[in-house]
Amino acid sequence: KNVFMLDGPENYHQRSTTRRYEIEESDTDEGTLIQVIIDNAIAASVMVKEKSKGIKSYQSAPHFSLSECVWTFSGSFTIIFLLCFISANITLWNENGGYAFPLGPFGALTTLHYSLGDCPPAQPRNVILGSALSGTIAILTTYLPETIVCSTLRIAFATSFSIAAMAALGIMHPPGGAIALVFALGGHHWGHLLLTICGCWLAVFLATFINNLNDKRQYPQYWDFATPFKKTS
């Protein structure tokens, strides 16, 4: 007989994701292998269904008081206005009367600074290193000729690789993914990236000043730029 044992995930709240099978190699036939594949697919489908329901002990985002909303608006308005003004008035790389560096990612950055200032992606280390890393990867991929790699594949690769690299170094920063996508689209160069990083520094310093004027806020939680480069045992 074929020996066939399975231990399906019994506790989905513990997120068990494996099924173990013991099959005697000498008696394994094609039908048994197909059955194993089918059972694995069913187990995976059930697991996805259960996880899709969410968890009971979730923590929802807090509702800000009116005064905190005003504080958030004031900080966000100040930094976005300054960045738009600076970008519009830099003539060195300001082409066609537009902006000297892309502003889209700063909308996400501002949301982090004034609504989620205590989370790791909002901290200065993640902001600066995540943005610089993502922008660098994206610009480097633009040197690949489209005859070798089509633009669609290149853009997807640059963005995905940037996100994975930030995760590997512990400098996850959602606006960094936006920076990677924007710069991978092309039409930007190292000067644009330099201005973007300078904009990130400005946003960090302004967030430090504005948030810390409020006795209910603390920003940043840490600086610690060296941690991603330390060897882990």
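Trainee: What share of the 233 residues in the chain is buried?
Mentor: Buried residues make up 35% of them, where buried means under 20% relative accessible area with a 1.4 Å probe, protein chains only. Keep in mind that this is a predicted model, where local features need pLDDT of at least 70 and side-chain atom pairs count only at pLDDT 80 or more, while totals for chains, interfaces and linings use all residues. Residues are numbered from 1 along each chain as its sequence is written, and side-chain values use heavy atoms, with hydrogens and water left out.

Trainee: Okay, new topic: how many helices and strands are there?
Mentor: The chain has 7 helices and 2 strands. These are DSSP runs numbered from the N terminus: H or I of at least four residues for helices, E of at least two for strands.

Trainee: How do helix 4 and helix 7 sit together?
Mentor: Their axes, lines fitted to C-alpha atoms over the stretch in contact, come within 10 Å. They cross at roughly 170 degrees, on a scale from 0 to 180 between N-to-C directions. Helix 4 and helix 7 are therefore roughly antiparallel, the word for angles over 145 degrees.

Trainee: Which residues in helix 4 and helix 7 meet?
Mentor: Including Val127 and Ile128 in helix 4, and Leu193 and Trp201 in helix 7. Contact means heavy atoms within 4.5 Å.

Trainee: And what about helix 2 with helix 7, at what angle do they pack?
Mentor: About 150 degrees, with their axes 10 Å apart. So helix 2 and helix 7 are roughly antiparallel to each other.

Key:
Angles under 35 degrees count as roughly parallel, over 145 as roughly antiparallel, 65 to 115 as roughly perpendicular and the rest as oblique. Buried means under 20% relative accessible area, exposed over 50%, partly exposed in between (1.4 Å probe, protein chains only).
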